[in-house]
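Here's a quick tour of a two-chain model. Have a look at it first, and then we'll go through it piece by piece.

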Amino acid sequence: MNTVVPYEDDEYARNRPTLRLSPNEIHKIDSRLGFHPRMGAFMRLYEQGHLSIIQGVGYPNIDRTHESGMRIWHTAAPDEPDCQTGWLGRTVDSIREINSVNAPAVFVGSIAKPFGLNAKNVIVPSVSSLENLTMREMPGYRKYQSQRKQAAELRRPNQNNPLMHFLQRCTLNAYKNSERIEAVMKKTADTTQYPQFELAGSLRMVAQLIRADIGIRIFFTELGGGGIGGFDNHANQLGNHCALLHHFSESVAAFIHDLKRDKLLNRVLLMTFSCRSISQSYGFGQRRPEVSHRLSQCVCNRAGPMAWLRQLEGA
Amino acid sequence: MNEQFEKRPDQHQPQKARRVIDEKLTDPDWAWAAYRPNAQQPWNLIQIGHLFRRAAFGADWKQLQQALSDGPQRTIDKLLKPQADTTAFNDTYDGYDNSAAGSIKSLRAWWLRRIIQTPHPLLEKMTLFWHGHFATKSDKVKNPRLMLQHIRLLRSHALNSFSDMLQAISLDPAVLIYLGADANRKALPNENFARPLMEIFTMGPGNYKKKDVREASRAFTGWFVLRSRLRYISREHDGNIKEVFSERGNFTGEDVVRIVLKQPATSQMLVRKLYRLLICETEEPNAAMINPLAETFAKDYDIMKLTETMLRSNLFFSSAAYRRRIKSPVEFALGIVKALEGVVSTTQLAQDLAGLGQNLYNPPTANGWAGGQHWIDSATLAGRSNLALALLQGSGPYADKLNPRALANKHGRTTLKSAGQLLLDLFLQSDLPSDVRESILKTVQVTSGSGIDDEEAMLRRFAHTVVTLPEFQLA
């Protein structure tokens with residue numbers, strides 16, 4: 001409701017007595033909708049044809065409790081209260097083949113991995129630094145990596161053991177990926193301009209991993225989350241959201257420009273979710289049902305064929 | 001001293017001898033008979049390393065040497081029933097658990113610590129196995145005390161009777177909450193326990209009908225978990241006739257568990273699952289191999305006896321089992337810790353193992369950890385390599401608890417070369433192709449001007465090289 005604002009809607013004005021944004025400050029998309037005043041970067045992406053908006057994404061019969069709302073957003077299974085996997089977790093389970101050497105998905109960030117990535121079989125790594133995915137060496141002993149690699153590389157006579165063969169392939173691939181990531185880290189050390197926000201840092205890592213081309217097909221990162229500094233501020237959200245939405249749009253714009261410059265944008269689909277019920281919480285700090293109402297929106301950044309980044313608002 | 005390395009279970013054997021063994025491998029009588037050391041399959045460090053990877057979490061030098069002189073019979077006796085006072089040990093750790101029961105993070109750490117220190121590692125191995133089998137997730141149960149109670153239940157039955165364990169599981173609050181089976185009203189029978197009971201805990205998919213689940217769920221009516229406590233409300237129990245697997249009666253939940261245990265699919269499924277744990281996960285065994293064990297197991301569901309048969313068998317010590325399993329993250333990390341005789345921070349370790357896909361107290365779904373090749377891809381291997389680095393580098397979150405140089409000195413290997421050889425024996429019983437062995441041993445050589453500090457660093461790096469080899473990922 002704060003990302004794409006229905007600024008001319010009477011319901012909006014009526015339901016958000018203190019949170020509503022003045023039409024004068026809105027970046028207007030048309031006579032009805034506009035971006036938040038601090039989201040000028042999104043307006044520019046929209047004008048350049050890199051961004052599209054899908055409204056009304058949600059599910060019927062919302063009971064509007066935080067717990068079930070979050071569960072449904074992560075499982076995408078509103079009719080299965082005991083669903084044990086996340087929607088992306090199920091996706092990675094279905095795309096990973098048992099003998100494949102690469103991880104199909106990663107979570108980028110230093111907070112706990114969201115439930116949406118919970119898979120039955122596949123392990124989705126959390127990456128808080130690119131070094132997590134490289135084969136690091138003891139300080140002062142970098143030159144030994146080649147020896148370590150060589151020992152893994154030498155032919156094993158006993159290849160009737162399928163596990164041995166699989167592990168050897170994965171180990172060698174891990175060294176190869178590691179070299180690719182290190183090359184990317186060196187190349188783009190200071191050449192890219194990202195703002196100093198946490199999300200921008202995460203997106204920068206995503207861009208580097210896309211550039212390294214190590215087989216990861218799904219990246220997930222999260223801005224906000226609950227609590228102080230997150231989006232879950234109920235009636236107190238006005239000031240906090242200004243800052244967060246600014247971080248959000250500037251970070252995404254930097255990411256898009258980074259990929260565009262390297263002609264990678266047409267390989268990437270970035271999707272972000274933001275959901276909010278229409279009415280502001282009654283009273284400040286009061287716990288109140290929220291999460292995706294009929295006007296909840298989903299913003300897709302459209303770039304070439306389509307690219308998604310996913311930002312699941314802590315709601 | 002190197003003679004014990006010359007014979008390897010699956011290489012360097014004369015072709016003819018090997019073919020004879022291959023044929024025997026398909027004969028259940030031979031496969032499950034107790035292994036006796038012989039010329040083709042001598043009792044050596046390689047077999048001992050294999051045994052301690054499967055029946056424990058690796059071994060230190062003293063244990064390997066002791067087993068060499070004890071022989072297979074006595075070594076397995078001790079693994080099954082240690083001479084040490086296990087009751088006193090477990091009482092002490094139960095006390096630690098009680099005081100840690102406020103948080104899952106502390107409970108995780110104490111469990112890992114118990115695994116490192118225990119005189120009865122097979123018990124912890126089996127407890128961890130059942131934790132995956134009856135997978136219950138703390139994130140949903142949201143009550144560390146109930147989770148602790150659950151793990152305790154598993155430990156108390158882990159090597160005893162599967163029937164008793166299953167009966168206890170059917171009344172375990174943590175399990176019922178996790179499965180969404182904490183309310184079983186007469187008017188609204190809940191299938192959330194009856195279904196996993198048949199699909200996951202016993203028979204497996206395809207061996208029961210929807211009707212069996214529906215009828216069984218009526219037998220479990222009356223049981224509730226209220227304010228974290230198990231309650232039986234008799235007026236909510238459906239006392240009418242039910243029909244489960246063609247048996248009719250006014251069954252209770254206990255009756256249903258008993259009936260499920262009588263189905264041949266149950267003992268077969270469990271034997272297969274233990275086969276994957278203890279023997280081999282690359283090939284699905286045929287019915288002829290499984291049936292003799294399943295039939296015996298079904299008589300009393302004695303887990304200890306089944307485990308014993310498998311561990312003592314010819315099959316266990318054959319090439320069909322050797323390195324035919326991928327180590328779980330816990331087995332990988334503790335294999336390093338045990339061999340180097342240190343106790344590291346298990347709070348940190350539990351966190352790092354969660355990152356590698358094995359979060360104790362939080363298996364991913366009710367199906368537990370998928371395991372096998374699912375543990376491994378290039379990202380998790382980089383993760384394993386970086387965890388080994390952190391454990392071995394002598395500083396950082398794990399501090400200087402593992403020191404290969406100090407360990408080698410303790411065992412009288414003062415020269416660089418003998419220390420390198422010791423580490424190779426400890427971690428892999430030196431079972432590597434000779435060119436691989438030579439190539440890595442070349443990295444531990446005295447160069448002119450190298451001092452004590454250099455030697456220490458060299459051996460840390462060497463240990464890191466060894467534990468990141470593909471071979472070390474295999475159990």
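## Where the chains meet

How many residues of chain A are in contact with chain B, and how many of chain B with chain A? Keep in mind that this is a predicted model. The count comes to 47 residues on chain A, touching 45 on chain B.

On the chain A side, α5 (145-153) and α6 (162-187) each put in at least two residues. The top contributor there is α6(A), with 12 residues. Sorted by class, the side of chain A that touches chain B has 24 nonpolar residues, 18 polar ones and five charged ones.

## Chain A on its own

Chain A has eight helices to go with nine strands. Of its 315 residues, 43% are buried. Take the contacts in chain A with a separation of 6 or more: 70% of them link residues 24 or more positions apart.

## A helix pair in chain B

Over in chain B, take helix α3 (residues 45-55) and helix α4 (residues 61-80): their axes come within 10 Å and cross at roughly 50°. An angle like that makes α3(B) oblique to α4(B), and the crossing is left-handed.

From α3(B), the contact uses B:Leu45, B:Ile48, B:Leu51, B:Phe52 and B:Ala55. Residues on the α4(B) side include B:Leu64, B:Ala67, B:Leu68 and B:Leu79, along with B:Gln63 and B:Thr75. By class, this contact has nine nonpolar residues, two polar and no charged ones.

Conventions
Residues numbered from 1 in each chain as written. Chains lettered and ligands numbered in written order. Predicted model: local features only at pLDDT ≥ 70, side-chain atom pairs only at ≥ 80, totals over all residues. Helix = DSSP H or I, 4+ residues; strand = E, 2+ residues; numbered from the N terminus. Buried ≥ 20, exposed ≤ 12 C-beta atoms within 10 Å, placed from the backbone. Contact = placed C-beta atoms within 7 Å. Nonpolar A, V, L, I, M, F, W, Y, C, P; charged D, E, K, R; others polar. Axes fitted to C-alpha atoms, helices over the stretch in contact; angles between N-to-C directions. Parallel < 35°, antiparallel > 145°, perpendicular 65-115°, else oblique. Left-handed = near helix turned anticlockwise from the far one by under 90°.
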